[in-house]
Amino acid sequence: MIDVHRQAFKEEAYELLSELENSLLELEERPDDVDLIGRVFRAMHTIKGSGSMFGFDDIASFTHEVETVFDMVRNGKLEVTTTLVNLTLSARDQIKSMLDNSDGGGADLETSGRIIAGLRALASNEGPAAPAAPVEPKAVKPAGGARMTYRIRFVPPRDIFSSGSNPLNLLSELKELGVCNAVAHTSGVPSLEDIDPEGCYVHWDVILTTDQGLNAIRDVFIFVEDDCELRIEVIAEHDEFSAQESYKKLGEILQERGAISSDEMAGVLAKQRRFGEIAVSSGLVPEAEVLSALVEQRHVQAVRQEKQSADAANSIRVPAERLDMLVNLVGELVTVQARLSQTAAGRGDAELSAIAEEVERLTGELRDNALNIRMLPIGSTFSKFKRLVRDLSAELGKEIEMTTEGAETELDKTVIERLNDPLIHLIRNSIDHGLELPEVRLAAGKPRFGTVHLAAVHSGDSVLITIKDDGAGLDKEAIRAKAIERGVIAASAELSDKELFALVFAPGFSTAKKVSSVSGRGVGMDVVKKAIDALRGSIEVASVQGEGTRIMVRIPLTLAIIESLLVKIGKDFFMLPLSLVDECVELTREDVARAHGRNLAHVRERLVPYIPLRERFRIPGRVPDIEQIVITEVNGVRVGFVVDQVIGEHQTVIKSLGRAYKNAEGISGATILGDGSVALILDVPQLVQSVEAEAA
Amino acid sequence: MAKVIMTADDSASVRQMVSFTLKQGGYEVVEAVDGKDALQKLAGRKVDMLITDLNMPNLDGIGLIKGARALASCKFIPIIMLTTESQDSRKQEGKSAGATGWIVKPFKPEQLMAVVKKVLG
């Protein structure tokens, strides 16, 4: 494309040069012919101008010398002589030879120098020589630099339109430089009969914040600055803004701009009303001036605010305690709201009910939002596991591929942190016990690569995390044998697969034949189970021998607030996590008598063992005639809890018991009820476990 | 509709370059070989902008600017003159004749487009 232009220039230049030759020869005969002189000048001028445009810089600078001389001839400062014509002719030949070299350069510098010297000598004989300023393209200004705020007053000439300039174009050009606010002053517009429709009566104040520098602003006005009134002042460097608490007062701006004197300002200030209003109403300052100053004030404030928000970016870091505090408060609110709803329902007051409903809706949203703040995607944990898998496979000589799914699933931050160790343990187990060595896998007709699949998915108010491997699977007989050996089950016990697999979580249970650095130290799965229980989650194993194992961990979305069932024993309130509760049935005196002290209830043709909480917690008082059994299901086992009274569902904000009660068995936390009394939250899995342990 | 820009220059290569650059920028271009040719063409059709060289045979740039401003259709259009650094006095002359601005030769296509955008909005 550039070459096309260069070619066009060369053709044109050859043409001009041959025309130049003729003109010069004619000129020798008629040295006074102004037309001829003009033609020679124009030819040189065109070769120079176009040459430099298409990269023939040597030709351009050389021709410039000739052009300078002929400019003098044209202006009558120099006469056409034979010497001049001879020199010009050789210059013409020189240009031609420069053109012949395709790149325009590589000419005989000596000849060029000689011709230029001759031309200069001619020129200097006649008055001072014109300075041979080389034509250089203007360097492009580097953009960037400090962010500054400028105050620009632009008063265009009345006849600006007749020069084809549009002031609005200039303003929009300014706007492209940065953050820009413009105020038009229209006080100069005359009444209709006096107006010249082609004149411009408006002038502008512009506040501009830009990092392009003063020259960029001047460039905008380059074509008009000679004719217009243009004032550009720096009002602040950007950093200055942040240092200052608040920007200048309106009066200060006006004073700085010279719109008001300090005496006048003092007079206005003495009246102690809004400065702008007084200044205008007292006729000291035209309204537009005040408006313009106001715009400046706002502009600076906006820029500063923008900077601050840019500093803060899109996310903020907040200490976790503050979030916990927020969640706690929301929890309290939830409690109070529940009470409000209850009271409103009891009163039958329609107005109160409407308010209660509104509060309930808002509280619900507030709760969800507050809890959401603490949610993080589980993906970061997943990527840590990838590293673990890589290291382990090298250590154990197994070839393992890990796939993940649902990395974007969100969980409460604390939950994610506390899930880390159990999950590592489970993955180690899968790799160490589950996946076979490559040779074994090939022999079993499986791909050489073992796969560990890690998936997380939302399910209701909990997250289901699945760790699946395509390894050897659990050996049911080995588990059974080990369980009998360790006395965990009786030799005659009939167990479902589910129950059997659940045994691997029993304390001190490990089926690994040899102890490796990875697993099998006997502190395996029971530790995992405890950690998951502490998160109020559940864990389940499914396995097919030879095909692989799947471990499913179910974790509630958040630890802070749970749905629970509120029950009462004597005067004390207790909570059971609703997710564990299956059903509630009555327990009568007859049932107790029929069970012969064995704590078993008959529920729909099945025996369900129960734990009388009144006894367990040694609560004094009279046992009511009809008690309630809350039947829970933990790890596939149904266990009932006997209480005096079931009150109902409750949104429970969990409070930890503090260090003093850390070891209290059977209690996982506490909550405060609407009336201020405390309810303890039952640690159902632990209660079941301890009762089982006592029985054994 | 594309805006129409006239380029008046006796140098074919400059005309070609200006014309090529403007067409790439999405403008329609009318070419004129000198001031006289330009004025004739301006009388016949409306253009949105004029880019003219100063040194041209028959009628030079200054004459063209004056002539164009006298036409009702060209009274307020932007007129850009192509000058060289050594022509400061001519630049002033052009301005008082009614030129909007100028481009100093030599210039690059980007510079030309920047000026066109500037005055044409």
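This is a predicted model: local features need pLDDT of at least 70, side-chain atom pairs count only at pLDDT 80 or more; totals for chains, interfaces and linings use all residues.
1. Sheet order. Chain B holds an open sheet of 5 strands, paired in parallel. The order reads β2-β1-β3-β4-β5. At the edges stand β2 (28–32) and β5 (101–105) of chain B, each with pairing on one side only. From one strand to the next, the twist averages 20°.

2. The β1–β3 pair. In chain B, strand β1 (residues 4–8) runs parallel to strand β3 (residues 49–53), and 4 bridges join them. Within this pairing, B:Ile5 of chain B has B:Met49 of β3(B) opposite.

3. Helices on the sheet. Helix α3 (residues 61–70) of chain B lies across β1, β3 and β4 (79–84) of that chain. Its direction makes about 160° with β3(B). Helix α5 (residues 109–120) of chain B also packs on the sheet. Helix α5 touches β1, β3, β4 and β5 of chain B. The angle between the directions of α5 and β5(B) is about 175°.

4. Main core. Which residues touch the most other members of the largest nonpolar core? They are A:Val40 and B:Leu50, in a core of 68 residues. Neighbours within four places in sequence aside, A:Val40 is in contact with A:Leu20, A:Ser23, A:Leu24, A:Leu27 and A:Phe70.

Methods: Residues are numbered from 1 along each chain as its sequence is written. Chains are lettered from A and ligands numbered from 1 in the order in which they are written. Two strands pair if DSSP finds at least two bridges between them. Helices (H or I, at least four residues) and strands (E, at least two) are DSSP runs, numbered from the N terminus. Axes are lines fitted to C-alpha atoms, for helices over the stretch in contact, and angles run from 0 to 180 degrees between N-to-C directions. Two residues are in contact if their C-beta atoms, placed from the backbone, lie within 7 Å. A nonpolar core is a set of buried Ala, Val, Leu, Ile, Met, Phe, Trp, Tyr and Cys residues joined through C-beta atoms within 7 Å. A residue is buried if 20 or more other C-beta atoms lie within 10 Å of its own, exposed if 12 or fewer, and partly exposed in between; C-beta atoms are placed from the backbone.
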